[in-house]
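The sequence and structure come first.

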Amino acid sequence: MFDPDIAPSGTLLGLLQRGRGDGTLHALAAPRAEALAALHHCVLRDPRRDWQVENRSLYYARLCLDLDAGLDEIEQHLFHPDDLVNDDEERTGLALSVLGHLAAYGRSDALRLLRRYAAAGSNWEWALDELALRDDDTGLRGLAPAILAHFPRTPDGDAELAAVVRGAYEPRPWRLWADDPDHGPRVRAAAERGAFDRWQRQLRPSGPRPGWSVHDILLWAQREHDLKPDARPDAAARCLAAVAGPEDRPELLAAAASAPDAARAAALRHLAEIGDPEVLDLVEAAVTEPDASQLVSQAALSAFERMRSIAALDRARVWAHRPDALGDAAAAMLSCRGGQYDTPLVLAALRRTVRAEGPDAQTLWTLVDGAGRLTISCAAPVLRHIYRETASSHLRGRAARALAATDPSFAAGFAVECLWDCEESTREVAARHAATADARVVEQLRRLAADPAEEAEVQTAVRSRIGPETPGF
C-alpha cells in the first residue's frame with residue numbers, strides 16, 4: 001500500500017513523514033530523544049512522493065524550534081562524502097529548505113551552515129536561493145569568490161555561468177555581484193550572453209510557419225515527436241485550431257482514427273476542443289484498441305477530460321462503470337462537472353479506486369474533490385480513511401476540504417490537527433472550521449496569526465475567526 005520507506009500511519013515516524021498535524025502533537029508529547037530521531041529521519045530522508053510540490057520544510061522547521069533541535073545531524077548529512085558524488089537535489093533539498101526557514105526564524109547557526117554549504121556543497125544553487133531570501137548583502141557578497149569558482153574561465157565555463165545566471169530562481173545575489181568591482185564584469189558578461197542566447201532562439205523558431213496547411217502541421221507534429229519522443233501534442237493542436245476549417249474535417253477524422261501516433265494525438269485533441277460529434281467514438285477507440293500506443297491513449301483521455309459539452313457528460317455517465325482508464329476519466333469528469341444525480345457514480349468510483357489501488361492512487365484526487373463538491377455525506381468514512389492513510393499531503397488536504405463539506409464531526413476532529421499540517425491550504429481549511437472549544441485551537445490560531453512565516457491566506461482565515469467579540473480570544 002505504501003512505499004517501503006513510509007512507516008505506518010499510526011506511528012510517530014509515519015505521522016511526521018506524512019506531514020500530519022498529529023505528527024507535531026505526538027512529537028511534542030513523546031520523549032524528546034524519540035521525537036528528535038523521527039524528525040531527523042524525515043529531514044535527512046525526504047519522505048515526499050513528489051518533492052517538487054509537497055510541502056514539509058516549514059513543518060519540520062517549526063518542530064525543530066519546538067524541540068530545540070541542534071543542527072549536527074543536518075551538518076553531517078550535507079557534508080557527507082556522498083555529496084561529492086551525488087548532486088541530486090532530492091538528497092539535500094529538504095534539509096536546505098529547513099535551514100532556510102530556521103534562518104528566517106533567527107537561528108544564526110542555520111544561516112552559517114547555509115553559507116558553508118553554498119560555498120562548498122554540490123547543491124550550492126539551492127543553498128544560494130535560500131540565502132537570497134534570508135541573508136544580508138554583506139553575507140551574499142562574501143560568497144561571490146566561492147560561487148564563481150565553480151565556473152572555470154574557459155568558453156565552456158563561461159557558457160555554463162551564463163546558463164546559471166539566466167535560470168537563477170532568486171536573482172538577488174547575481175545582481176549584487178554584478179555591481180562588485182572585482183566580479184562584476186564577469187557576471188554582467190554572463191547576463192548579457194544569456195539575454196543574447198534567448199534572442200537568438202527567438203530568431204530561429206522551428207515551429208509552423210504562416211501558410212502551413214493541416215497536412216503540414218500533422219507532418220510537423222510527427223516529425224517533432226520522432227526527434228523528441230517526450231514532446232506533447234499540445235502545440236500542434238493549437239496550430240490546428242488556427243488553420244483548420246470545415247473543409248479539413250475529413251482529413252482530421254482520418255488522422256484521429258489511424259494516423260501515426262503524434263499526428264493522431266494532435267488531431268484527437270483538436271477535434272475534442274471543437275466538440276466534433278464523432279470525437280467521442282474516436283476517443284473510445286483510441287483508449288480501448290489493443291495496439292494503441294500510450295501516447296495516443298493518454299492524448300485521447302486528456303482530450304476527453306477537457307471537453308465541456310453535454311454530449312461528453314452523457315457519455316461519461318455511460319463510461320463511468322468501466323473498470324479501466326476510460327472509466328476513471330469519466331468518473332473524474334462527473335466529479336468536476338456532474339450534477340447531484342451523478343452522486344452514485346462518483347461514490348462508486350471513489351470506493352472502487354480505494355479498494356483496488358489503495359489510498360495513494362492518483363485518480364483519487366479528482367474523486368475526492370467531487371465528493372466534497374457534490375456534498376456526498378456517505379462518502380465521509382472513505383474520506384476519513386484516505387485522510388489517515390495517504391502518504392500524499394496534497395491528497396490529504398483535498399480529503400480535509402471534502403470532509404469539511406460532508407462530515408459534521410470534522411470541526412471537532414480532524415480540523416483540529418490540521419492547524420499543524422504541513423500544507424498551508426490544509427491549515428487554511430482548519431483555520432476556518434476548527435472548533436474553538438479545544439484550548440489548543442485557540443493557542444495555535446494565535447500562533448499562526450503572529451508567525452511571519454505563515455502564508456497570507458492562512459492568516460486571513462485566522463483573522464476571520466478572531467475578533468473583539470470572539471469568545472476565548
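A disulfide is taken here as a pair of cysteine sulfur atoms within 2.5 Å. The model is predicted: local features need pLDDT of at least 70 and side-chain atom pairs count only at pLDDT 80 or more, while totals for chains, interfaces and linings use all residues. Residues are numbered from 1 along each chain as its sequence is written, and side-chain values use heavy atoms, with hydrogens and water left out.

**Cysteines**

- The disulfide count is zero.
- Cys 64 is in no disulfide, and the nearest cysteine sulfur, in Cys 42, is 10 Å away.
- Cys 64 is buried at 2% relative accessible area (buried means under 20%, exposed over 50%, partly exposed in between, with a 1.4 Å probe and protein chains only).
- The sulfur of Cys 336 lies too far for a bond from the closest cysteine sulfur, that of Cys 378, at 19 Å.
- Cys 336 is partly exposed, with 42% relative accessibility.

**Salt bridges**

- There are 33 salt bridges in the structure, each defined as a side-chain nitrogen of Lys or Arg within 4 Å of a carboxyl oxygen of Asp or Glu.
- One of them pairs Glu 417 with Arg 20, with 2.8 Å between the closest N and O atoms.
- Glu 417 is in helix H27 (residues 414-418) and Arg 20 in the loop between helix H1 (12-18) and helix H2 (21-29), so the bridge ties together parts 397 residues apart in sequence; both residues are buried.
- Helices (H or I, at least four residues) and strands (E, at least two) are DSSP runs, numbered from the N terminus.
- Arg 134 bridges to Glu 130, where the closest N and O atoms are 2.3 Å apart.
- Arg 134 and Glu 130 are four residues apart in helix H9 (residues 124-134), which separates them by about one helical turn.
- Arg 134 is partly exposed at 25% relative accessible area, whereas Glu 130 is buried at 10%.
- Arg 315 and Asp 281 form a salt bridge of 3.2 Å, N to O, which links helix H21 (residues 310-319), holding Arg 315, to helix H19 (residues 279-288), holding Asp 281, across 34 residues.
- Arg 315 is partly exposed at 22% relative accessibility, and Asp 281 is partly exposed at 46%.
- Arg 315 and Asp 281 also belong to a network of salt bridges with Glu 284, Arg 322 and Asp 324.

**Pockets**

- On a 1 Å grid over the protein atoms alone, a pocket is an open set of points where a 1.4 Å probe fits, with protein on both sides within 12 Å along at least five of seven lines; lining residues have an atom within 4 Å of a point.
- The largest pocket has a volume of about 970 Å³, volume being the space filled by probe spheres set on the points, which are joined across faces, edges and corners.
- Its lining has 35 residues, with Ser 57, Ser 97, Trp 126, Glu 130 and Tyr 169 nearest the centre of the largest pocket.
- H9 supplies the largest share of that lining, seven residues.
- The lining of the largest pocket comprises 13 nonpolar, eight polar and 14 charged residues (Ala, Val, Leu, Ile, Met, Phe, Trp, Tyr, Cys and Pro count as nonpolar, Asp, Glu, Lys and Arg as charged, the others, Gly among them, as polar).
- The second largest pocket has a volume of about 680 Å³.
- Of the 31 residues lining the second largest pocket, Gln 298, Leu 301, Ser 302, Glu 305 and Ala 329 lie nearest its centre.
- H22 gives the largest share of the second largest pocket's lining, eight residues.
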